[in-house]
Amino acid sequence: MRPPESESAPFFGSWKRIYLSVVIYLIVLIAALALFTASFRL
Amino acid sequence: MRILDWVVLVLTIGSIVFYGLWKSRKTSTVAGYLLADRSLPWYAVALSIMATQASAITFISTTGQAYADGMRFIQFYFGLPIAMILVSAFFAPRFRNANVFTAYEYLEKRFDAKTRALVSLIFLIQRGLACGMVLYAPAVVLTVILGWNDQLTTILMGGIVILYTVLGGIRAVTWTDFQQMLIMLVGLFTAIFIAVQQLPEGIGFADALLLAASAGKLNAVTTNFDWYDRYNLFSGVIGGTFLALAYFGCDQSQVQRYLTGKDLQQSRVSLLFNAVAKIPMQFFILLTGAMVFVFYIFTAPPVTFHSGNLKNVAGTAIEQKHNDAVAARQRAAMELLKNRDAAHQESFLASQKHMDAVHKEATSGFNDTNYVFLTFVTQHLPAGFVGLVIAVIFGAAMSTSSGEINSLATVTMVDFYQRFVRRESSDNHYLWFSRLATVFWGIYAIASAQLARGLGSLVEAVNMLGSLFYGGLLGVFLLAFFFPRVGGTAAFIGVLAGEAAIFYTHSTGKVGFLWYNVIGCGVVVLTGVLLSTFWQSASSSHPPESGDLQPPPAQTR
């Protein structure tokens, strides 16, 4: 079953901005956790 | 447990089960029983996805893991948001458009019946075994608290799950999941609040964080790369993405959750809710374990957290060594809080390492991490809260195992019985068989729970078991979606090659299990693509195996 064109074009469709927001959120979260890990070194 | 705890426990579990059954009282068709007529709102689906993943093991074992190994386990979830985006963009729309009941049904439409049967069988084996472990975790609870027989506990837990899953189908499962997840969140924040409250006078939350960090328990991000290291930034982002993609994209216990959404948008929102909420939730669960660690700096911990082993060390030299190590660590902690400098941080860490060595000697290598959190809960939480936390653990076990049993029954019915045994029959007959399959898998889960004994950290055991099979599953779905020239036979051989590669890698013991998913998936895709390319060029006189839509034989529903 070849997926219908409408499913894959445009690549991420109208949800592109939402997906991008989730990626940015993940990067910020990892950076915050890295800061959390390092912040208690005396 | 006190009477108030029993009241809270029985009322919580009883009302959750009753609510689930009440919400599913109108279920009378197979589509209603297996997919809730695709009518559920996003918030119910979102919390059901979360509850199915967050088992009792999550609360029992993850907190214990933070106590013993620190918070680095959180990196395991770094790939989850990326996977959720990919599932939302590529998997969910394809499954919904194909109008399938199971993910594996899609494989027959795309490839052929043998590929569908093979992948369905892999799912049944893998998920069936994991389901047993999920039921065993609460048995650990009652063994510690009440000295109940763990076999009896798994039978009791499994019995309740079978009851509401058989009667209400996926509607009952989803709505009980919804309630259970809410209770879990309440219980989680209660536990962390009380752990901090129980610290000695003058020791605040910031002090607790300093002590936990100084002992290496707040290592949320570790950047040292090592193939065998299970949890670091790289294995978490790369291996974790593959594992989460396989779990949410190819495991019917999760696919079935988002197929119940009212429409594609509701399914996508429920997935992205998990993408956003999962890491913070795991952070707080692990932080609870770290706070329990700090609590036991000032309140002497037992020599071993497994109460059954305590009598073996009572009055021995090792008990004295343990008491001395506890006192030395407490002194080092107080000195650190007083001076707050690198030298005292080092000496506190040294006292912790000595404590770890004594603990290892006392337990003779037995991994007692699963007992840490429950010992804390039962011995130090006030009346009522103990019942609540136990209800959370029971609810978590029930939500996960009911979802798994429901999906196992669905695959048995749709991918085997309806496909290969009885192609055409009435809706009533299939509904009846679905219920029978649910009973069967419930009993199977109870029986296989016995295999979970002696596996050490249960959460790692479950994830490792998944990683032995998920690479193969993910690979075949990637072939289906993105390699239209690959046909059924190439995909079938690809799955077998991928599984062989994973088991070989596992046997060498040289690679951390999160990488199995990457290796397995890569081998499946590579084998599938190479074989189809070879066959196409070798037999140009024959039409190539096509990736075009192959409608399966008609099935009635």
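**Figure 1. Surroundings of B:Phe178.** B:Phe178 touches B:Ala44, B:Leu47 and B:Ser48, leaving aside residues up to four places away in sequence, where two residues are in contact if their C-beta atoms, placed from the backbone, lie within 7 Å. This is a predicted model, in which local features need pLDDT of at least 70 and side-chain atom pairs count only at pLDDT 80 or more, while totals for chains, interfaces and linings use all residues. Residues are numbered from 1 along each chain as its sequence is written, and chains are lettered from A, with ligands numbered from 1, in the order in which they are written. B:Phe178 lies in helix 8 of chain B; helices (H or I, at least four residues) and strands (E, at least two) are DSSP runs, numbered from the N terminus. With 25 other C-beta atoms within 10 Å, B:Phe178 is buried; a residue is buried if 20 or more other C-beta atoms lie within 10 Å of its own, exposed if 12 or fewer, and partly exposed in between, the C-beta atoms being placed from the backbone. Although B:Phe178 and B:Ala44 are 134 residues apart in sequence, their C-alpha atoms are 5.7 Å apart in space.

**Figure 2. Packing of helix 3 against helix 8 in chain B.** Helix 3 (residues 42-53) and helix 8 (residues 150-197) of chain B pack at an angle of about 75 degrees, with their axes 8 Å apart; axes are lines fitted to C-alpha atoms, for helices over the stretch in contact, and angles run from 0 to 180 degrees between N-to-C directions. That angle makes helix 3 of chain B roughly perpendicular to helix 8 of chain B, given that angles under 35 degrees count as roughly parallel, over 145 as roughly antiparallel, 65 to 115 as roughly perpendicular and the rest as oblique. From helix 3 of chain B, residues including B:Val45, B:Met50 and B:Ala51 take part, and they meet a set in helix 8 of chain B that includes B:Thr174, B:Trp175 and B:Met181. The residues of this contact between helix 3 and helix 8 of chain B divide into 8 nonpolar, 4 polar and 1 charged; Ala, Val, Leu, Ile, Met, Phe, Trp, Tyr, Cys and Pro count as nonpolar, Asp, Glu, Lys and Arg as charged, and the others, Gly among them, as polar.

**Figure 3. Helix 9 of chain B and its neighbours.** Helix 9 of chain B is mostly covered, with 7 of its 10 residues buried. Among these buried residues are B:Ala208, B:Leu210 and B:Ser214, and the buried residues of helix 9 pack against helix 8, helix 12, helix 14 and helix 15 of chain B. Helix 9 of chain B is followed by B:Gly216, whose phi is positive, near 80 degrees.

Figure 4. B:Ala36, in the loop between helix 2 (30-35) and helix 3 of chain B, has a phi near 55 degrees, a positive value in a residue other than glycine, and counts as buried with 27 C-beta neighbours inside 10 Å. B:Arg340, in the loop between helix 14 (317-339) and helix 15 of chain B, likewise has a positive phi, near 50 degrees, but is exposed, with 12 other C-beta atoms within 10 Å. B:Gly512 is placed in the loop between helix 20 (488-508) and helix 21 (514-538) of chain B and is partly exposed, with 17 other C-beta atoms within 10 Å. Between B:Gly512 and B:Ile238, which are 274 residues apart in sequence, the C-alpha to C-alpha distance is 12 Å.

**Figure 5. The contact between chain B and chain A.** The contact takes 35 residues from chain B and 20 residues from chain A. On the side of chain B that touches chain A, the elements giving two or more residues are helix 5 (80-97), helix 6 (103-110), helix 9 (205-214), helix 12 (264-298) and helix 15 (342-363) of chain B. Helix 5 of chain B gives the most to that side, with 7 residues, and the residues of that side of chain B divide into 22 nonpolar, 6 polar and 7 charged. Chain A has 2 helices and 0 strands, and buried residues make up 10% of its 42 residues. For the complex, the predictor gives an ipTM of 0.81 and a pTM of 0.83.
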